[in-house]
Amino acid sequence: MARFRRKSFSTFIGLVLLIFIVTVVLKSFTPEYSPFGSIFGLELFPNIKGPGKNDIQMLSNIDSVGAEALTKMNDIDSERVKNVEAALRQFPAPNYNIHAFYYTWYGNTQFDGKYIHWDHPLLPHWDSKVAAGYPRGRHSPPDDIGANFYPALGAYSSRDPSVIEAHMKQLRAGAIGVLAVSWYPPGMKDENGEPTDDIVPLILEAAHAYHVKVAFHIEPYKGRDEISMFNNVKYIIEKYGEHPAFYRHRTNTGKFLPLFYVYDSYLLNSEQWAKLLKHTKSSSIRDTPYDGIFIALLVEEKHKRDIVTAGFDGVYTYFATNGFSYGSTQRNWESIKTFCEDNNLLFIPSVGPGYIDTSIRPWNFQNTRNRINGKYYEMALSAALEAGADIISITSFNEWHEGTQIEMAIPKTSQTVYLDYLPHKPVVYLEVTRKWAAIFSNERKRWLE
């Protein structure tokens, strides 16, 4: 009997050990954070628990806050849409034959970690003897910026969504239908800035909300030739071409094609441009999905023949300084218009409110053009109209370094002396633009009758 008890006890001990071993083995197969807790429901591992009352309350609170935040976001979006719609009702209709050159190269510490372009260096004169008589160095924002006027929005960042929206409102206040954004290929930049192609989607979205269209002003980046231009246009159309704010111009044949301004197009010879722009060339962009309307910069009179040989679709004059170049001299515009008509080219003269760049080129007084309280701008707009412009381009919306901006500027008191729009209000050049956009629209209707 004692032997039986010892045997039974040994059997019992063995069974307990077996159960323990099986338990440990099974536990090893349970995921560390299994939603089912400990195996068999036993609290062998107290750190692995289901949600308690406090946890459930916390999750409930998070869900409540999340739902409230989502509701607020939807309310904000709805409110923004209402505000935009209300603003649109106050603006004149956009005139898509008025284009404004637009720059996205500005940055500040809040959005970019540093000031970009506002701290522009003072550029030396090419003659070292002349250069010796002028200061060197850089501007020091925000009170000292590389401009002769001071923006109403301050030393802003082109990446700031509120700035972009404010610009759209100003463009619409001036009845401007198209902004021509200064563009460099991805990863490339001007010598004083940073890459800006990633800002284009923000501009397109804001432009669409305000019924503004976006064209591209292709800058003369290093290595630009007919091959890289084909790739540039392909990239732009494939990435941005389906966006509703992407500008397409109606041709005489009824096609709607993208329009590209090509700055300093004369830097590439006409034979190279012809490889891209002539129908007869095997490398031509014509009659491909990437065909467009390509506008050359007309600087010297001799460039006219080169523009025709190259296969461009039109000319623009860019410079806001009357008399600076053959193309920007307003008394030449009627003969340029005749040349364009004879060669089936678009004529797009560029007008500006004035010119002053002595904040970055302190020696360049001879090219300054006084605004004369808006009269200089009105004379330029009148000259473009009288010459029979197909489109009027404005130099510029916000090229602050050269003092050609029509963007709102304010009086600024600091150690740096700034010009301003007084005695007029900051909106004066937008109002002048609005007035002439309406006149231009009426004249075009009369021409087409």
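In this predicted model, Tyr 429 has a relative accessibility of 3% and therefore counts as buried, a term that denotes under 20% relative accessible area, with exposed being over 50% and partly exposed in between (1.4 Å probe, protein chains only). Tyr 421 is likewise buried, at 3% relative accessibility. The analysis rests on a predicted model, in which local features need pLDDT of at least 70 and side-chain atom pairs count only at pLDDT 80 or more, whereas totals for chains, interfaces and linings use all residues. Residues are numbered from 1 along each chain as its sequence is written, and side-chain values use heavy atoms, with hydrogens and water left out.

Rings of Phe, Tyr and Trp (its six-membered ring) were taken to pair if their centres lie within 6.5 Å, with planes under 30 degrees apart counted as stacked, over 60 as edge-to-face and the rest as tilted. By this rule the count comes to 28 aromatic pairs. Among them, the rings of Tyr 263 and Tyr 318 have centres 5.3 Å apart and planes at 75 degrees, so this pair is edge-to-face. Both Tyr 263 and Tyr 318 are buried. Tyr 421 and Tyr 429 also form an edge-to-face pair, at 4.8 Å centre to centre and with 80 degrees between the planes.

A charge was assigned to a ring face if NZ of Lys or CZ of Arg is within 6 Å of the ring centre and within 35 degrees of the ring normal. Arg 371 lies over the face of Tyr 429, at 4.7 Å from the ring centre, and over the face of Phe 149, at 4.6 Å from the ring centre.
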